[in-house]
Amino acid sequence: LRVRSFKLSYYNEYKSYLSHPTMSETPDPEVATEKSEKTEKTEKATSPSPEKDAPEKKTKEEKKKDDKITVVLRNVGNVPILARQRYNVDGNKTVKWMANWIQEKLKNNLNRDDRIILYVSQCFAPPLDQHVANLYDCFGVNDKLVVQYAAQPAWG
């Protein structure tokens, strides 16, 4: 008897569910538009906005606007290694400024006559008036610019 009453109550609920206007084959157009407007409002309220929830990844253009560029300095030849290899450098600084800055850091370990030569991509020495931001735009990899420094010509 209990099983039969359960089946009957379940059947009645199912029957009322099928008779609901949203489940009928020919819904009333007014009811359908009201329902779609309500669902759109609830979807807007409950769905996360992509601008707020997306993690912020900076592109090269955005990084250029920040004017701080991560520069990794690697020694070449017999030049001493710097204590730190990663530095945040202002994008408006020139290659000449960076060479003088590295020479200043290594002044105790270098001779007076030694000049620091900077290389990008282990192959060429950029002009001294080139900005770090321009080098980063052209040769930056994985959100950093790798620069090698030497006291004698290394790659040409």
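Helices (H or I, at least four residues) and strands (E, at least two) are DSSP runs, numbered from the N terminus. With that in hand, select strand S1 and pick out Thr70, which sits in this strand.

Before going further, a word on what is on your screen. This is a predicted model, in which local features need pLDDT of at least 70 and side-chain atom pairs count only at pLDDT 80 or more, while totals for chains, interfaces and linings use all residues. Residues are numbered from 1 along each chain as its sequence is written, and side-chain values use heavy atoms, with hydrogens and water left out.

**Stop 1: the whole chain**

Colour the chain by secondary structure and you will find 6 helices and 4 strands. Following the sequence, the order is α-α-α-α-β-β-α-β-α-β. Of the 156 residues, 22% are buried, where buried means under 20% relative accessible area, exposed over 50%, and partly exposed in between (1.4 Å probe, protein chains only). Contact here means heavy atoms within 4.5 Å. Among contacts in the chain with a separation of 6 or more, 62% are between residues 24 or more positions apart.

**Stop 2: back to Thr70**

Thr70 counts as buried because its relative accessible area is 16%. Show its side chain together with that of Asn88: a polar contact of 3.2 Å joins the two. (A polar contact is a pair of N or O atoms within 3.5 Å; within protein, one must be able to donate a hydrogen and the other to accept it, and residues adjacent in sequence count only if both atoms are side-chain atoms.)

**Stop 3: the nonpolar core**

Next, select Val71, Leu73, Ile102, Leu106, Ile116, Leu118 and Tyr149. In the largest nonpolar core, which has 24 residues, these touch the most other members. Such a core is a set of buried Ala, Val, Leu, Ile, Met, Phe, Trp, Tyr and Cys residues joined through side-chain atoms within 4.5 Å. Two or more core residues come from each of S1 (68-75), S2 (86-90), H5 (95-105), S3 (117-120), H6 (132-139) and S4 (145-150). Zoom in on Val71: leaving aside neighbours within four places in sequence, its contacts include Tyr87, Val89, Met98, Val132 and Val147.

**Stop 4: the largest pocket**

Which residues line the largest pocket? Select Val95, Lys96, Ala99, Asn100, Gln103, Arg115, Ile116, Ile117, Leu118, Ala125, Pro126 and Leu128. H5 gives the most to this lining, with 5 residues. By type, the lining divides into 8 nonpolar, 2 polar and 2 charged residues. (Ala, Val, Leu, Ile, Met, Phe, Trp, Tyr, Cys and Pro count as nonpolar, Asp, Glu, Lys and Arg as charged, and the others, Gly among them, as polar.)

**Stop 5**

Move to the loop between S3 and H6, where you will find Gln122. Although not a glycine, Gln122 has a positive phi of about 55 degrees. Gln122 is partly exposed, since its relative accessibility is 47%. A polar atom of the Gln148 side chain lies 3.4 Å from the backbone nitrogen of Gln122. Not counting residues up to four places away in sequence, Gln148 also touches others, including Arg74, Tyr119 and Trp155.

**Stop 6: Asp143**

Finish in the loop between H6 and S4, which holds Asp143. Asp143 is not a glycine, yet has a positive phi of about 60 degrees. Is this residue buried, exposed or partly exposed? Its relative accessibility is 44%, so Asp143 counts as partly exposed.

Technical notes. 1 Å grid on protein atoms, 1.4 Å probe; cavity = no way out; pocket = protein on both sides within 12 Å on 5 of 7 lines; lining within 4 Å.
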